[in-house]
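The structure is shown below.

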Amino acid sequence: MDMHEEGASDTATELFGSFHLGDDEFALPASCIREVVNYPAKVTALPLSPAYLEGMFTLRGSVIPVVNLGRLFRADAPRAVATDKIAILDFQQVLIGIVFQNTGDILRVPASARCALQYAAGDSHAVIAGTILLDGGARLLQILDPHALLRIENVPHVLALQATGAKLSTARYHAQSERRQCVSFHAAGAAFAFEMLAIQEIIRVPELHGSLLNSELCLGRMHFRGSQVAVIDFGTLLQAAGSGNGAKAATSDQRIIVVRLDDTTVGFLVDSVDSIVHFFGDEVLPIPLLSKARAAMFAGCITKEGLGDIIFLDHKGILSQAEIVEMRDGHKRLYPNDAETATAATRKAQRRVYITFTVETRFAVEIGQVREIIDFSGAITTPPGMPACMRGMLNLRQQMISIIDLRQLYAMPALPDAGAGKILIVERGSERYGFLVDHVDNIMTISDSQRFAAPQIIRTGEHDDLRSEMDEMIDIGTEAQRQTLSVFQCDHLLEKLGAALPQAA
């Protein structure tokens, strides 16, 4: 590293902001400091990211990657803590957050007090552009180079949103564009989401069988709709601690998300499936290229009130073409695929995605009828005079929602533990309603050939049985074990409820 004094005159002053990290004092050109914020309560860790990248958080619609300079210089330096602060750099419209401990001063520094440094290629200290000597040499500040900070390997380049007209254009865009859906889930301590169109089905963890193709990623194979499908541990994919190929019993929350990748079906084992999230394309905020190995799988970040930051995945980029081919051809060769014998008519039949849930018995509702699924909580209030079948009112993101207790409506015994229940949020015009159900089971893609009219003896609409309201059923069983689900029709039930209880619908 070489050091030389700048040649400009003392009149060439520049404004710097200073801050402290440990025993060191750093300075940044004031022109590139957008603001200083307290360390956020929630910083989302980014999988496959280097140690010096603490994670990311959202600030007024922008995703801010957070860099810990201490860990950039020394990998075993302490992680950021809640009392730290973050300086938001906005340089050439790229945003980045720098962790520090205490703010310093705003300094007007003459050129004679500054020295520039030069480094060998690849030196991590190259983010230090020079030094400032003040108070007769008693005070030394290290000048950070915004250019170099943005060039740190694997630190994201996130463009600042242009504030001018952004809100108006966003509203116009939302009015003209199509709302999309994704399913959020947890794996390795972070929240992710697959777009709905990528998901073939979500199922409980079945018995997994060994495979000659087992690897660090592939846990084994499962029988799925007549096919042998490889199952991948999503945590292992993220290189998360504690994940691996060891045989472990599945927990009650774990699920397998079955995804179609080109002409191959793959199951991803995740820790839990959380909710259905609606979003518009412009709500997917850019996030960094975190790792050269799996960078293509990260499409962006969706931030929703009450749900936090969700890393949105591009399912087409999760596995390499070589990995897909290995699983497809290997399993097909080793375990002949019964699906190949399926009739052409079955393959061509239209398929729809359903959410299956339980209210004493099992039901299926087309996913397009459900806006989102939330946990039952104690935040529901019950105004005086409300009908018994109405559990109460819930303030969900500034919109009051009537919660309908289906068990109460059909004179079923109350759930022993109502806190374990789920609420299906549905829309009807500008109004939203919530159906309290025992639990949500799966998300399934089912052919129309498996959907048929319910027997007349069931669909009377007069019995104290929720199934009597439903006109159709779905057969998801096998020849050995028949299993049928009543197709839940939200509009039909709301219309009937509205006629009986005008104040409720």
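Predicted model: local features only at pLDDT ≥ 70, side-chain atom pairs only at ≥ 80, totals over all residues.

Neighbours within four places in sequence being left aside, the contacts of Phe-488 include the aromatic residues Phe-357, Phe-363 and Phe-435. Among its other contacts are Ala-364, Val-365, Gln-369, Leu-406, Leu-466, Met-470 and Leu-493.

## Aromatic pairs

Across the whole structure, 14 aromatic pairs are found. Phe-185 and Phe-192 form a stacked pair, with 5.8 Å centre to centre and 25° between the planes. Phe-185 also forms a stacked pair with Phe-194, at 5.4 Å centre to centre and 20° between the planes.

Phe-185 counts as buried because its relative accessibility is 0%, under the 20% cut-off. Phe-192 is likewise buried, at a relative accessible area of 0%, and Phe-194 counts as buried at 0% relative accessibility. Ring pairs join Phe-185, Phe-192 and Phe-194 with Phe-234 and Phe-268 in a cluster.

## The second largest pocket

The second largest pocket has a volume of about 850 Å³. Its lining consists of 33 residues, and those nearest its centre are Val-273, Asp-274, Ser-275, Asp-375 and Lys-422. By class, this lining has 14 nonpolar, 10 charged and 9 polar residues.

Strands that each supply at least two lining residues include strand 14 (180–187), strand 16 (199–204) and strand 21 (272–279).

Terms used. Residues numbered from 1 in each chain as written. Heavy atoms only, no water. 1 Å grid on protein atoms, 1.4 Å probe; cavity = no way out; pocket = protein on both sides within 12 Å on 5 of 7 lines; lining within 4 Å. Points joined across faces, edges and corners; volume = space filled by probe spheres on them. Helix = DSSP H or I, 4+ residues; strand = E, 2+ residues; numbered from the N terminus. Nonpolar A, V, L, I, M, F, W, Y, C, P; charged D, E, K, R; others polar. Contact = heavy atoms within 4.5 Å. Phe/Tyr/Trp six-rings, centres within 6.5 Å; stacked < 30°, edge-to-face > 60°. Buried < 20%, exposed > 50% of the residue type's maximum accessible area, 1.4 Å probe, protein only.
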